[in-house]
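Keep the sequence and the structure open while you read.

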Amino acid sequence: MTRDDKPEVIRLLRTLPEFEPPEVAVAEEVIDSYLDNPSGSGYYIQVAEAGSRVAGYICYGPAPLTEGTWDVYWLAVSTEKQGKGIGSALMTFAEDEIRRAEGRLIIIETSSKPGYQKTRRFYLNRGYRIVGCLSDFYAPGDDKLTHQKRLK
Ligand SMILES: CC(C)(COP(=O)(O)OP(=O)(O)OC[C@H]1O[C@@H](n2cnc3c(N)ncnc32)[C@H](O)[C@@H]1OP(=O)(O)O)[C@@H](O)C(=O)NCCC(=O)NCCS
């Protein structure tokens with residue numbers, strides 16, 4: 001991701017119904033942290049392009065104070081480009097990079113809200129098992145689900 005990609009990534013995030021404005025604000029902080037110091041921020045961000053336009057992005061990084069555990073923080077594909085394999089391609093890209101960096105475990109957190117059902121199925125179909133549930137974490141009735149995939 002470069003600075004030129006940022007406006008399109010932010011616009012994409014704002015149009016997705018899954019993300020509330022405060023979540024987009026946090027995503028932007030993480031993006032700024034990466035763009036200010038790409039090799040030292042602790043984040044890695046890759047965009048996917050369709051034609052010459054940004055179609056999606058993934059943000060991931062090593063979980064601090066762990067041996068080989070990585071977090072996928074954000075993954076998003078624009079509404080009109082979903083279902084075309086872009087999310088899978090971004091996921092595979094990140095997994096390959098994490099493997100190259102000797103990562104062994106990937107963690108992704110999602111919400112139990114009905115609006116995230118498609119997202120949960122996407123992760124489950126790609127080998128990310130649900131290994132934890134923190135009840136009412138985000139809000140009453142909205143649990144935090146922890147997905148995990150072992151690379152070795
Ligand atoms: C979750 C998300 C990233 C998936 O991205 P995507 O580009 O739609 O994902 P893909 O196209 O790779 O796969 C989606 C489904 O479409 C299918 N698909 C893949 N290529 C396809 C194609 N060319 N034509 C039709 N369907 C296709 C896949 O088989 C997959 O179905 P499956 O999970 O049953 O296997 C995207 O839906 C999204 O941005 N959601 C909103 C934001 C979000 O929830 N982010 C995660 C926060 S934790």
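Two strands count as paired if DSSP finds at least two bridges between them. S2 and S3 meet this with seven bridges, and they run antiparallel. The model is predicted. The points below cover the sheet, the cores, the ligand site and a few single residues.

**The sheet**

- Six strands make up an open sheet, and their pairing is mixed. The order is S1-S2-S3-S4-S6-S5.
- S1 and S5 (129–139) are the edge strands, each pairing on one side only.
- From one strand to the next, the twist averages 25°.

- H2 lies across S1, S2 and S3. H2 runs at about 115° to S3.

**The nonpolar cores**

- The largest nonpolar core has 21 residues. Met1, Val9, Leu13, Phe19, Ile31 and Tyr57 touch the most other members.
- Helices H1 (6–15) and H2 (21–36) each supply at least two residues of this core, as do strands S1 (44–50), S2 (53–62) and S3 (69–77).
- Which element gives the largest share of this core? H2 does, with six residues.
- Leu13 touches Phe19, Val24, Ala27, Tyr57 and Ala76, leaving aside residues up to four places away in sequence.
- A second core is separate and holds 19 residues. Ala48, Ile86, Leu90 and Ile98 are among them.

**Val77 in S3**

- Val77 sits in strand S3.
- Is Val77 buried or exposed? Val77 counts as buried because its relative accessibility is 10%, and the cut-off for buried is under 20%.
- Beyond residues up to four places away in sequence, Val77 touches Leu12, Leu16, Ala55, Gly56, Gln82, Ile86, Gly87 and Leu90.
- Val77 and Tyr57 are 20 residues apart along the chain, and their C-alpha atoms are separated by 6.7 Å.

**Glu8 in H1**

- Glu8 is part of helix H1.
- With a relative accessible area of 19%, Glu8 is buried.
- The Glu8 side chain makes a polar contact with the side chain of Arg53, at 3.2 Å.
- Glu8 touches Arg53 and Val54, not counting residues up to four places away in sequence.

**The ligand site**

- How many residues surround the ligand? There are 21, and the closest are Leu75, Gly83, Gly85, Ser88 and Thr119.
- Leu75 places a backbone N or O atom 2.7 Å from a nitrogen atom of the ligand.
- Gly83 also uses the backbone: an N or O atom there lies 2.5 Å from a nitrogen atom of the ligand.
- Thr119 uses its side chain, where an N or O atom is 2.7 Å from an oxygen atom of the ligand.

- S5 pairs with S6 (residues 142–150) in the antiparallel sense, over six bridges.
- Arg129 has Gln148 of S6 as its bridge partner.
- Two residues lie between the strands of this hairpin. Gly141 takes a positive phi near 85° in the hairpin.

- Gly127 is in the loop between helix H4 (117–125) and S5.
- Gly127 is partly exposed, at 38% relative accessible area.
- Gln148 and Lys149 touch Gly127, setting aside residues up to four places away in sequence.
- The C-alpha atoms of Gly127 and Leu151 are separated by 10.0 Å, with the two residues 24 apart along the chain.

**Positive phi outside glycine**

- Leu65 is not a glycine, yet its phi is positive, at about 65°. Leu65 lies in the loop between S2 and S3.
- Leu65 is exposed, with 92% relative accessible area.
- Asp136 is not a glycine either, and has a positive phi of about 60°. Asp136 is in strand S5.
- Asp136 is partly exposed, with a relative accessible area of 46%.

Methods
Residues numbered from 1 in each chain as written. Predicted model: local features only at pLDDT ≥ 70, side-chain atom pairs only at ≥ 80, totals over all residues. Heavy atoms only, no water. Core = buried A, V, L, I, M, F, W, Y, C linked by side-chain atoms within 4.5 Å. Buried < 20%, exposed > 50% of the residue type's maximum accessible area, 1.4 Å probe, protein only. Helix = DSSP H or I, 4+ residues; strand = E, 2+ residues; numbered from the N terminus. Contact = heavy atoms within 4.5 Å. Axes fitted to C-alpha atoms, helices over the stretch in contact; angles between N-to-C directions. Near = heavy atom within 4 Å. Polar contact = N/O pair within 3.5 Å; in protein donor to acceptor, adjacent residues only side chain to side chain.
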